[in-house]
Amino acid sequence: MAATERKKTFRFSEKREKEIAALRGRYEYPQGLIMPLLWMAQYDEGWVSPEAMETIAEICETSPAWVYSLATFYTMFELERPIRYQIQVCHNLSCSLNGSESILAHLEKKLGIRAGEATEDGRFRLSAVECLASCGSGPMMQVNTEYYEQLTPEKIDALLEEFGRD
Ligand code: FES
């Protein structure tokens with residue numbers, strides 16, 4: 001890791017630390033805390049991040065791989081950060097002829113990510129997708145369940161501002 005890169009860490013809140021301390025007496029081995037701690041991390045963050053798993057491993061005196069194996073065994077744990085806005089830009093023929101590539105490039109520039117990536121804060125994921133069956137109104141995109149058609153860079157800017165408000 002480069003000297004300038006700082007690894008992200010996860011810490012439970014003070015309130016959680018107290019709950020964890022109270023739970024310790026219930027289990028014969030520290031590893032018994034893994035499941036309750038996975039629940040706490042998910043409840044507090046909306047998902048269980050790799051950083052949370054490392055912290056849980058530390059607290060439970062085990063390896064991150066062991067925590068990961070439990071977290072992936074049970075389907076109720078969310079292991080991907082929930083995304084608020086899923087932006088899918090059609091780049092199929094009709095939309096492409098109407099400028100979808102520049103719409104995608106504009107979104108990449110505004111969001112600071114490439115197609116296929118999500119923003120660091122988990123608000124946006126951007127994808128280039130195949131035909132969304134709105135070929136007569138391209139360039140177009142789908143955001144979550146809504147269609148946005150005949151897009152221009154100005155329309156994109158207005159939409160991103162709107163999405164940024166909630
Ligand atoms: S080509 Fe874009 S919606 Fe069909």
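Visitor: Where does Ala 133 lie?
Guide: In the loop between strand 2 and strand 3. Strands are DSSP E runs of at least two residues, helices are H or I runs of at least four, and both are numbered from the N terminus. This is a predicted model: local features need pLDDT of at least 70, side-chain atom pairs count only at pLDDT 80 or more, and totals for chains, interfaces and linings use all residues. Residues are numbered from 1 along each chain as its sequence is written, and side-chain values use heavy atoms, leaving out hydrogens and water.

Visitor: What is the phi of Ala 133?
Guide: About 65 degrees, a positive value although Ala 133 is not a glycine.

Visitor: Is Ala 133 buried or exposed?
Guide: Exposed, because its relative accessibility is 67%. The cut-offs: buried is under 20% relative accessible area, exposed is over 50%, and partly exposed is in between, with a 1.4 Å probe and protein chains only.

Visitor: Which peptide bond is cis?
Guide: The one from Gly 138 to Pro 139, with omega near -5 degrees. Pro 139 lies in the loop between strand 2 (124-129) and strand 3 (141-143).

Visitor: And Asn 144, where is that?
Guide: In the loop between strand 3 and strand 4 (146-148). Asn 144 has a positive phi too, near 55 degrees, and is a residue other than glycine. It counts as partly exposed because its relative accessibility is 30%.

Visitor: Switching to helices. How do the axes of helix 3 and helix 4 cross?
Guide: At roughly 115 degrees, and they come within 8 Å. Helix 3 spans residues 50-59 and helix 4 spans 64-73. Axes here are lines fitted to C-alpha atoms, for helices over the stretch in contact, and angles run from 0 to 180 degrees between N-to-C directions.

Visitor: Which residues meet there?
Guide: Met 53, Glu 54, Ile 56 and Ala 57 in helix 3 meet Pro 64, Val 67, Tyr 68 and Ala 71 in helix 4. Contact means heavy atoms within 4.5 Å. By class, that gives 7 nonpolar, no polar and 1 charged. Nonpolar covers Ala, Val, Leu, Ile, Met, Phe, Trp, Tyr, Cys and Pro; charged covers Asp, Glu, Lys and Arg; the others, Gly among them, are polar.

Visitor: Val 48 now. Buried or exposed?
Guide: Buried, because its relative accessibility is 0%. Val 48 is found in the loop between helix 2 (34-45) and helix 3.

Visitor: What is Val 48 in contact with, leaving aside neighbours within four places in sequence?
Guide: Leu 38, Gln 42, Met 53, Phe 77, Glu 78 and Leu 79. Val 48 and Glu 80 are 7.3 Å apart, C-alpha to C-alpha, and 32 residues apart in sequence.

Visitor: Where is Glu 108 found?
Guide: In helix 6 (residues 100-111). Glu 108 counts as buried because its relative accessibility is 18%. Beyond four places in sequence, Glu 108 is in contact with Ile 113, Arg 114, Ala 115 and Leu 126.

Visitor: And Glu 19, how exposed?
Guide: Partly exposed, because its relative accessibility is 27%. Glu 19 is in helix 1 (residues 14-24). Glu 19 and Pro 82 are 63 residues apart in sequence and 26 Å apart in space, C-alpha to C-alpha.
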